[in-house]
Amino acid sequence: MSTLSWAVVALEDEPARAGWTRAAQDADVAPPRFVAWSAVLDAEAGVKADAEAEFSPGEVVFAERLHPCVTDNPVGGQRARYAELQAALEYLDAQVTKVGARLAAAVEPTLLALDRTKRDGFLSQNGVPVLGFSGSAVRGIVRPRFAGSDDWLIDGWRTRLYRHRTRTGFEVWRAPGDAAGSRDECDELAELLADDGIHRIDSLHRVHLGSAFYDIRFAVVDGKATHAAGINREQVVLREWYGGRRPEIEAFLDRFGMERWERLVALAERTATYFPGIRSLGVDLIMDNGDLEYVFDVDPFGASLPGLLGAMPNASREPVSVRAAVLRSLSVGS
């Protein structure tokens, strides 16, 4: 068994705790030491430090999300949640650095990935294709600036808004990108949600595989794309539900061939280079039915992505979870 020393900072009821424990078994490393976010934040607030929040020299520390996933997608409060996470990560980084430990995901690139407006602008400036801002299109994908526990989902042709609560108490049910909506209505909605950094980006006729529209999600571990799965945005469920060779990947290869697939892999890996210091990064690519592909999302909590057991086409090794792949990589140098 590897002598890797590592810890996971997570909520007390975080489901990822079980995933990390299984990953340790698969990677043949010591079980994780769990640290509750509450213990870290109590120490930040000046409360007597809990022993579990004391880190050790050489320890690798993974930080899970500070806020739980909210299934009914409230938009209000994203800015505040982002600010709370920023403060928590910066304090955690100071604590682990002080004792000679290190975070598995560096703070600055993590925060950049979670601020979609800054991130997309940064990637665009570096020549990475990103689905751009829409100045006039009525149809478009509406997204919040700050990523968090919630998201704006899209279907094949238009933006779909599920129930969202705003800070003003309004509830939004309709789809702003629907062709029935006017430009004025879209502008009014964007204004209503402006405090949460809502912005509209270009629409795209997304790639159709089998009977649904898909994006492709990659896990990039230490700079290499190791896992992939197709994401049907209308049917994403919050559990580890992918495994083995995915039929939508097979359908993509049958329709577009290995050359385009390799181009997607290269784009995912290139994107990861702009977020150094993150051991596992999630990169979502959105594509049309021709030859265009764009970066749609970057997730600094890549080890927690759905699709944990996916295997890349032509993979020569057995499929393992992203978490286990990260732990194996770390244990080599331990």
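Two strands count as paired if DSSP finds at least two bridges between them, and strands themselves are DSSP runs of E with at least two residues, just as helices are runs of H or I with at least four, numbered from the N terminus. What you're looking at is a predicted model, where local features need pLDDT of at least 70 and side-chain atom pairs count only at pLDDT 80 or more, while totals for chains, interfaces and linings use all residues. Residues are numbered from 1 along each chain as its sequence is written, and side-chain values use heavy atoms, with hydrogens and water left out.

**Around strand β3**
- Strand β3 covers residues 60-63, with Val60 and Phe62 pointing one way and Val61 and Ala63 the other.
- All four are buried, meaning under 20% relative accessible area (1.4 Å probe, protein chains only).
- Strand β1 (residues 6-10) pairs with β3 in the parallel sense over four bridges, and there Ala7 sits opposite Val61.
- Strand β4 (residues 102-103) also runs parallel to β3, joined by two bridges, with Arg102 opposite Val60.

**Where α1 meets α8**
- Helix α1 (residues 16-27) and helix α8 (residues 322-332) have axes that come within 8 Å and cross at roughly 50°; axes here are lines fitted to C-alpha atoms over the stretch in contact, with angles from 0 to 180 degrees between N-to-C directions.
- That angle makes α1 oblique to α8, since oblique covers whatever is left after under 35 degrees (roughly parallel), over 145 (roughly antiparallel) and 65 to 115 (roughly perpendicular).

Methods. Buried means under 20% relative accessible area, exposed over 50%, partly exposed in between (1.4 Å probe, protein chains only).
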